[in-house]
Amino acid sequence: MSSSHQDHAYPEPAAHPNWSSRHKPRPLTPAQQKQNRDALLRAQRTPRPRHNRNTTAKAAR
């Protein structure tokens, strides 16, 4: 089954300029690298909160 542009109800939007592959991404500055490292370490150290479904059900009663 082949499709053409007339098969669509509306035209496909143009690609965002950031999606073009002409430019290389800028390297992170040392300050940005440090910020990312610190955030990653903080996230790995901090336990995620555990939500218990029964707690909210009991509170509603």
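How much of the protein's accessible surface belongs to carbon and sulfur atoms?

**Figure 1. The whole protein and its accessible surface.** What you see here is a predicted model. Its accessible surface comes to about 7,300 Å², and carbon and sulfur atoms hold 54% of that area. Buried residues account for 0% of the 61 residues in the protein.

**Figure 2. The helices of the model.** The protein has two helices and zero strands. One of the helices is α1, which covers residues 30-45 and carries both Lys-34 and Asp-38.

**Figure 3. A salt bridge between Lys-34 and Asp-38.** The closest N and O atoms of Lys-34 and Asp-38 are 2.9 Å apart. Within helix α1, the two partners sit four residues apart, or about one turn of the helix.

**Figure 4. How open the two partners are.** Are Lys-34 and Asp-38 buried, exposed or something in between? Lys-34 has a relative accessible area of 46%, so Lys-34 is classed as partly exposed. Asp-38 has a relative accessible area of 31%, so Asp-38 is also partly exposed.

Conventions: Residues numbered from 1 in each chain as written. Predicted model: local features only at pLDDT ≥ 70, side-chain atom pairs only at ≥ 80, totals over all residues. Heavy atoms only, no water. Salt bridge = Lys/Arg side-chain N within 4 Å of Asp/Glu carboxyl O. Buried < 20%, exposed > 50% of the residue type's maximum accessible area, 1.4 Å probe, protein only. Areas by Shrake-Rupley, 256 points an atom, 1.4 Å probe, with all protein chains shown as cover.
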